[in-house]
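Here is a quick tour for anyone meeting this structure for the first time. Have a look at it below, then read on.

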Amino acid sequence: MNADKVLDAKGLACPMPIVKTRKQMKEMESGQVLEILATDKGAKADLVAWAKSGGHEMLDSREDSDVFTFWIKKG
Amino acid sequence: MTVTAMTASEVAKKVVNDQPLFILDVRNGDAFADWKIEGGNIQYLNTPYFDLLDGVEEVVSELPTDRDILVVCAKEGSSIMVAEMLSEEGVQAAYLQGGMKAWSEHLEPVKVGELSNGGELYQFVRLGKGCLSYMVISEGEAAVVDATRMANIFLDFAQEKGATIKHVFDTHLHADHISGGRAIAEATGATYYLPPKDAEGVVFEYAALENGLEVAIGNSKLEIEAVYSPGHTIGSTSFIVDSKYLLTGDILFIDSIGRPDLAGLAEDWVGDLRESLYSRYQDLANELIVLPAHFMIIDELNEDGSVAKKLGDLFKENHGLNISDEQEFRDMVTKNLPPQPNAYQDIRKTNMGQITPDDEIQREMEIGPNRCAVR
C-alpha cells in the first residue's frame with residue numbers, strides 16, 4: 001500500500017506509538033496515508049480506537065514476525 | 001514531578017476490605033468493557049489516554065476529592081503519564097504499578113481452614129482473573145491444587161511454611177489460564193497428577209488422577225481423596241480434603257456452574273455435568289465446604305476475602321443446582337454462553353506441553369477474565 005509518510009515506532013512502549021502517530025498526523029493533510037510500524041502488542045487495539053475517535057480511517061493492518069504495520073488515512 | 005505507585009497487593013487489600021477507591025482507567029473503551037479491576041466500593045471513569053494527550057482538564061472536574069485516585073492502564077506507561085499530568089494540575093493520583101498485567105498475576109493467600117493434627121488449608125485468590133488455587137499443608141509436607149502460572153509464589157509460600165511440596169494436582173486441563181503445576185513439580189520433584197481423560201494430548205510424563213485415588217500429606221495421614229466429576233471437561237475430578245472440604249475445580253462455583261464447551265464438546269458433556277452436579281455431588285455430605293477453582297463476581301468473596309460455602313447452602317441457593325427440567329438445564333449450559341476465554345485453545349495446548357510460548361506471550365494469552373462458568 002502506498003503511504004505518504006512512514007513512522008517507525010518499533011521498540012516503543014505504550015503510550016509512545018500513539019503519541020508519535022498523533023504528532024505525525026498533525027503535520028499531514030486530510031486524505032494522506034500514514035504507515036506505522038510498531039512492536040507493542042497493545043498498539044493495534046489502541047490505534048484502532050484512537051483513529052475512530054479522531055475521525056481517521058484504519059485502511060489496513062498486518063503482522064509480520066512480531067512487527068505490526070498499520071495504514072491510517074487522515075480524516 | 002514524581003507520582004506514587006500503588007502495587008497490585010495494595011489494591012487487593014482495598015478490594016478485600018471494601019475500602020473506597022476511584023479508578024481512572026485510561027485503556028481503550030473495549031479493553032475496559034471487557035475486563036477491569038472489580039470491587040464493591042470502587043468508582044470508575046474510563047477515558048483512554050489518547051484522548052488526554054492535549055491535557056487532563058476535562059477529567060479533573062470529574063474526579064472526587066474524598067477518596068484515593070488510581071490511574072490504571074495495561075502495562076503502566078500511560079498511567080504514569082496521566083498521573084503526572086494530573087499532578088501538574090494539582091490532583092494527587094497514584095498509578096497501578098505494572099498495570100493490568102500485574103493485577104492479573106497477583107495472588108492473595110487466604111487461610112481457609114485448620115485441618116486435623118495442625119494442618120492448614122490455604123486458598124490463593126487471583127483477584128484480577130478470578131482463579132483460585134490451593135495448598136494443603138501438614139507436618140512439613142504440602143500438596144498444591146490448580147496452581148496458576150506464577151509457580152514461584154507457591155514455591156516461596158511452601159518454603160516460608162517450612163513445607164516440602166510432594167503432590168501437585170490439576171483438577172482438569174485448564175483452558176482459561178496456564179497451569180503452574182508442571183513447573184512446581186519439576187522444581188520440587190513432586191508428583192504431578194492429571195486426569196488421563198483430559199490428558200490425551202499431553203506430551204510429558206504425569207501420574208494418573210483417577211476416582212478413588214487417596215494421597216496422604218504428612219505423617220498423620222491427612223487425606224486427600226479424588227472424586228471423578230466430569231462435565232466441564234471429561235476428566236474433571238474433585239477432591240475431598242480431610243473429610244471437610246470439597247475442591248470442586250470448574251464443576252461447581254459459588255453462584256454458578258461450570259460450562260461444558262471449552263474443549264468443543266458441549267453437547268457430549270452436558271449429560272456428565274448434570275450427573276456430577278445432580279447425582280454424584282448429592283451423595284456427598286452437605287456439611288462439606290465447597291472450594292471452587294474460580295469466582296466470577298466480587299460478591300462471591302466472603303468477608304475475609306476467601307471464596308467458600310457449604311455444599312448444603314449451594315444446593316439451596318445456586319441456581320445451576322436447582323433446575324429440575326433436564327432440557328432446561330441442557331439449554332442453559334449449551335446456549336447463550338458467554339464468550340470463550342482469551343486464547344483458550346493456545347492455553348490448552350500450552351497446558352498439554354504441545355507449545356511453549358515465552359513468558360511475555362504467556363502473559364498476553366491470559367489477559368482478560370476467566371469465563372469458565374455459566375449462570
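## A first look at chain A

Let's start with burial: 31% of the 75 residues of chain A count as buried. Keep in mind that this is a predicted model.

How many helices and strands does chain A have? It has two helices and four strands, and along the sequence they come in the pattern β-α-β-α-β-β. The radius of gyration of chain A is 11 Å, close to the 11 Å that the globule rule gives for 75 residues, so chain A is as compact as a globular protein of that length. Its C-alpha atoms fill a box of roughly 30 × 25 × 20 Å along the principal axes. As for contacts in chain A with a separation of 6 or more, 59% of them come from residues 24 or more positions apart.

## Helix 1 and its surroundings

Helix 1 of chain A spans residues 16-26, and its buried residues are A:Pro17, A:Ile18, A:Thr21 and A:Met25. Why do these line one face of the helix? Seen down the axis of helix 1 of chain A, the buried residues fall within an arc of 90°, so they line one face.

What covers the buried residues of helix 1 of chain A? The cover includes the elements in this table.

| Element of chain A | Residues |
|---|---|
| Strand 1 | 5-9 |
| Strand 2 | 33-38 |
| Helix 2 | 43-54 |

There is a record to mention here too: an unreviewed UniProt entry annotates residues 7-31 of chain A as "domain: UPF0033". Over residues 7-31, the chain is 44% helix and 12% strand, with the end C-alpha atoms 17 Å apart.

## The nonpolar cores

In soluble globular proteins, nonpolar side chains tend to be buried together. Here, the largest nonpolar core has 124 residues. Those with the most contacts inside this core are B:Leu70, B:Val82, B:Val136, B:Ala142, B:Val144 and B:Val168. Strand 8 of chain B (residues 131-138) gives the core its largest share, six residues.

Take B:Leu70 as an example. Leaving aside neighbours within four places in sequence, B:Leu70 is in contact with B:Met6, B:Val11, B:Leu21, B:Ile23, B:Ala93, B:Ala94 and B:Leu96.

Technical notes
Residues numbered from 1 in each chain as written. Chains lettered and ligands numbered in written order. Predicted model: local features only at pLDDT ≥ 70, side-chain atom pairs only at ≥ 80, totals over all residues. UniProt positions renumbered as here; feature names shortened; annotations may be inferred. Buried ≥ 20, exposed ≤ 12 C-beta atoms within 10 Å, placed from the backbone. Arc of directions from axis to C-beta. Contact = placed C-beta atoms within 7 Å. Rg over C-alpha atoms; globule rule 2.2 N^0.38 Å. Core = buried A, V, L, I, M, F, W, Y, C linked by C-beta atoms within 7 Å.
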